[in-house]
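Thanks for making the time.

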Amino acid sequence: MRYVMKGGNPLVGEVVIGGAKNAALGILAAAIMTDETVVIENLPDVRDINVLLEAIRESGAVVERLDRHTVKINAQSIGSITVNNEFIKRIRASYYLLGAFLGKYRRASVALPGGCNIGSRPIDQHLKGFRALGATTVVEYGMVNAEANRLRGGHVYLDVVSVGATINIMLAASMAEGNTIIENAAKEPHVVDVANMLNSMGANIKGAGTDVIRISGVRKLHGTEYSIIPDQIEAGTYMAAAAITKGDITVRNVIPKHLEAISSKLMEMGCEVSEFDDAVRVVAKHRMQPTKVKTLPYPGFPTDMQPQIAVALALAEGTSIVTESIFENRFKYMDELARMGANVKVEGNIAVIDGVKRFTGAEVAAPDLRAGAALVMAGLAAEGCSVVEDVEYIMRGYEDFEGKLRELGAEINLASTDKDVQKYKLSLIG
Ligand code: UD1
């Protein structure tokens, strides 16, 4: 599938942000750790979430969608701790089922995760954590197997700050015997959200949001109703869209505190950013100023916002430097951006971006989720028509992306065949 678009319209208006995908993935795994019913609200309707729900259903749990954003899960009837369907390999967060099954059933067997191709993504820290809880871990035939006769609290010092490992260890340790300490833990808002959700099920987790998390294991978790926090990256993407298209966008249903790294970078670049209780407005009246951006674990600038901010900087008045310090392979989209006229040079994990006055429409392909979204926004700023291929990546993490962009004034359509592309191009030009 592709997006066909005609650029040039400043994006103006309001957009309502959905629940955080990366929190939801951990929360859905947590939901299977009780035999009681769990209701999860503000669930984003995106592909990664729907794939995980499918895997949970296949393991034998009852999964009922109450409405587009609410799901009811009862895991009493889970019959299999083996997760190996062809879809699950495509999503990174399948690994959360390891922590959840290990905690509840003391055994888990899950296909090695896939996910976005943004660099080598080992899971050694997850496994190190499980071993610290007394589990044995074996990776063979494409599966990760973890098992523990007695799962007991342990002391884990993460060698790298990892969101996934922090959440996974938290899941398993919630139902281990005794106390666990995770040091050098990730502090991302979604780590805190998963901890809050587990606590609402009767877990005893303290310190989430700091770099030391303490967990007192409990024998049983109970049902809950829980509403997921807003998606920091979806919000940040539309904020960047205002900067890229010289627009005026208010993102609603957000937690402004979670957006501070993004807001302050946009202000440095010359945007006006106003914060309200649960909204942030970004107005970009002039050409952006160049700056330096370095991705870091929270509260630093998020790696998942690196391509979007880089696209804004590629139109700025001067030279910017973007340093990617989390994933080594996250500049693959730069070649595509260059086809729209951007002037970029990548060396290792550093991109030097000489701002240009304008982009021109081109046919490009989305290499991953966030870079895909960034290329669409580049197309919306470019003169003439652009086509972004492989938008399935984008659908993994953005609900109704083209619909929300259209509401903001974008001229964009989804096309599945070459004929559709030609038809839309003609209608856009005409
Ligand atoms: C999560 C997010 C992803 C985001 C990333 C960083 C989900 C589903 N995905 O990914 O969108 O870009 O956080 O904010 O929530 N590492 C190891 N060993 C491990 C685990 C990680 O060396 O066992 C390294 C990674 O290669 C990477 C760094 O640690 O360099 C951070 O990765 P991590 O925070 O684990 O990212 P994910 O949880 O995979």
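**The shell around the ligand**

There are 21 residues around the ligand, and those that come nearest are Gln125, Ser162, Val163, Asp304 and Ile326, where a residue counts as near if one of its heavy atoms lies within 4 Å of the molecule. Please keep in mind that this is a predicted model, in which local features need pLDDT of at least 70 and side-chain atom pairs count only at pLDDT 80 or more, while totals for chains, interfaces and linings use all residues. Residues are numbered from 1 along each chain as its sequence is written, and side-chain values use heavy atoms, with hydrogens and water left out.

Turning to polar contacts, meaning pairs of N or O atoms within 3.5 Å, a side-chain N or O atom of aspartate 304 is 2.5 Å from an oxygen atom of the ligand, and a polar side-chain atom of tyrosine 95 lies 3.1 Å from a ligand oxygen. For isoleucine 326 it is a backbone N or O atom that lies 2.5 Å from an oxygen atom of the ligand. Of the 740 Å² of accessible area that the ligand has on its own, the protein covers 87%, by the Shrake-Rupley method with a 1.4 Å probe.

Where does the shell come from? At least three of its residues are drawn from each of domain 1 (2-18 + 230-429) and domain 2 (21-227), with the bounds taken from an automatic or database domain assignment. Among the helices, which are DSSP runs of H or I with at least four residues, helix 4 gives the most, with three residues.

Methods: A polar contact is a pair of N or O atoms within 3.5 Å; within protein, one must be able to donate a hydrogen and the other to accept it, and residues adjacent in sequence count only if both atoms are side-chain atoms. Helices (H or I, at least four residues) and strands (E, at least two) are DSSP runs, numbered from the N terminus.
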